[in-house]
Amino acid sequence: MAMHNAWPMKALSIKNLTKVYSNGIKALRGVNFDVEEGDFFALLGPNGAGKTTTIGIITSLVNKTEGEVKVFGHDIDTELMAAKACIGVVPQEINLNMFDKLVNIVVNQAGFYGIPKRKALIRAEECLKQMQLWDRRQDIARNLSGGMKRRLMIARALVHSPRLLILDEPTAGVDIEIRRSMWRFLREINRAGTTIILTTHYLEEAESLCRHVAIVDEGKIIEYDAMDQILRKLKEEIFMLNLREPVDRVPDLGAYQVRLSAPHELEAQITRDQSLNGLFAELSAAGLEVISMRNKANRLEELFFRLTERKNNHESEIRSPGIKSPEIKSPGAIA
Amino acid sequence: MIVRTQIIGFRTIVRKEYSRVIRIWVQTMIPPAITMTLYFVIFGSIIGKRVGQMGGFEYMHYIAPGLIMMSVITNSYGNVVSSFFSAKYNRHLEEMLVAPLPNFYIVLGYVAGGVVRGLLVGGVVTIVAMFFTHLRISSISVTISIVVLTSFVFSLAGLLNAMLAKKFDDIAIIPSFVLAPLTYLGGVFYSISLLPDLAQRASMMNPILYMVNAFRYGMLGISDINIWLAYAIIIVFSVSLFSVCLVLMNRGVGIRH
């Protein structure tokens, strides 16, 4: 155990992973990344980038063309069963037996992992209670709401206490209250030692939860680093400042570029060599009092757009629930 | 230890399949009972009285083993093809595919589920037959071994169909255009000794003829074919189909990209 703390084991190691589908589409073109044990890892990318294919290969739902995948040191080519035993997966699409009872779905999943029925019933109760579904255990899956189905899939994935939990867009279509309770739960199980790999289109979610991130685009990893290091690469951010008193013209704030978006609201651009302290000093000098502020866009989202260079084509695919305005502008577009 | 956990996985599939058969008993148990009752009434009671004896038995008595076997064949096949294909189509087959459960046990689990349904329905039809005729068993070992092996073969055939099927139409084609004709022409309702020479030779190409006759031998002690040849054919089919299913599962045909 002490050795693990000194040199954390790799929960997942992927080397030169390639996938060419039978129709000739190259989904992965030599993907390389590692996930340390205990990490909360984000795998991001636009639709069709290769995230789900990567997860499919890790979980053996997709046959790889080339490359090496190891889960806690178990090579999926030579020790597939040992590798599979470490993984719990929540897929992107709902894949529940809609006509089966919730408790049966979870108990059966435990059985597939070799857990005897008596123990499986105890684990199923724990997992369904954690996901607040225990009261609905005798219902059939078909009668659940979309959010409940997602939670049921998480309960099912956790029933065998996996060391590595892979969540492929687990909060898609889930309301904000349930999403935040899911975040709390995921943080808890991560703190308890479960390594988590998350793919999501809610970049606010990835920024809030994950410590490391890999961004995949067109089957290649284009960015792979700690979350804070990745965010440092963002050259500028835009903040929305709510003013106590309305202004009728754009104030002069020295080197800071600002735009008046409403009489009570300023849009201010902060570059990497500037600071918020400096901006507030200028605002105070101009006699402007700020009562609240927020990021115009999620920082990771901004970076994501730039890295994938698809801002114009894919704006509609990236949703950020924390942003009031769906409009996402480059800081360079500021007046 | 690993084998023990894998056997738990296998038992889970069988239990799941059994629960499914029982849960939808109106679809799985009642239709064969009604269909076979109609067969007994129409072919056995109404027409059978005019047919007289066949193979030394009353016609009703003669067709009873064939009708039992027919229901076993169609239900074993139907159970696996519908259960596996719907699991594949609705993607909850992935529950098993991501688990540390070797394909050998997945194949065996689904096939065992088909055998369970085949035998349950066979039991129901046997009870129905007892209302119409006096059933007897000439050789219990032949009767049980043939019905289990036949159910095993057609469960495997159903699994193969489900693995290769891409849409629901694909799982209806084989039962309608292959299984039903072979079953009806497989000596369920008649002895092939009644057929002209050419038709007899053609019938000998039909594997279901061997299964029906071997089962009839087990119950009535009469058969149109050599019983050991029937065993050989059924075992060859069992081993071949199991191997094909396992190879396809390992390659991920129809289930993995």
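## A sheet in chain A

Let's start with one pair of residues: A:Arg259 stands opposite A:Glu267, which sits in strand 13 of chain A. Strands here are DSSP runs of E with at least two residues, helices are runs of H or I with at least four, and both are numbered from the N terminus. Strand 13 (residues 265-271) runs antiparallel to strand 12 of chain A, and five bridges join them. Two strands count as paired if DSSP finds at least two bridges between them.

These strands belong to an open sheet of four strands in chain A, with the order 12-13-11-14 and antiparallel pairing. Its edge strands, each pairing on one side only, are strand 12 (257-262) and strand 14 (290-295). From one strand to the next, the twist averages 25°.

## About the model

This is a predicted model, in which local features need pLDDT of at least 70 and side-chain atom pairs count only at pLDDT 80 or more, while totals for chains, interfaces and linings use all residues. Residues are numbered from 1 along each chain as its sequence is written, and chains are lettered from A and ligands numbered from 1 in the order in which they are written.

## Helices in chain B

Now look at helix 4 (residues 59-89) and helix 8 (residues 168-184) of chain B: their axes come within 12 Å and cross at roughly 170°. Axes are lines fitted to C-alpha atoms, for helices over the stretch in contact, and angles run from 0 to 180 degrees between N-to-C directions. The crossing makes helix 4 of chain B roughly antiparallel to helix 8 of chain B, a label for angles over 145 degrees.

Among the residues that meet here are B:Tyr77 and B:Phe85 from helix 4 and B:Leu179 from helix 8. Residues are in contact if their C-beta atoms, placed from the backbone, lie within 7 Å.

Helix 7 (residues 140-164) of chain B is largely enclosed by the rest of the structure, because 19 of its 25 residues are buried. Buried means that 20 or more other C-beta atoms lie within 10 Å of a residue's own, with C-beta atoms placed from the backbone.

## Where the chains meet

The contact between the chains takes 26 residues from chain A and 21 residues from chain B. Helix 1 of chain B gives the largest share of chain B's side, six residues.

B:His92 lies in the loop between helix 4 and helix 5 of chain B. B:His92 is buried, with 23 other C-beta atoms within 10 Å. Leaving out residues up to four places away in sequence, B:His92 touches A:Asn95, A:Leu96, A:Asn97 and B:Ala87.

Methods: Two residues are in contact if their C-beta atoms, placed from the backbone, lie within 7 Å. Angles under 35 degrees count as roughly parallel, over 145 as roughly antiparallel, 65 to 115 as roughly perpendicular and the rest as oblique. A residue is buried if 20 or more other C-beta atoms lie within 10 Å of its own, exposed if 12 or fewer, and partly exposed in between; C-beta atoms are placed from the backbone.
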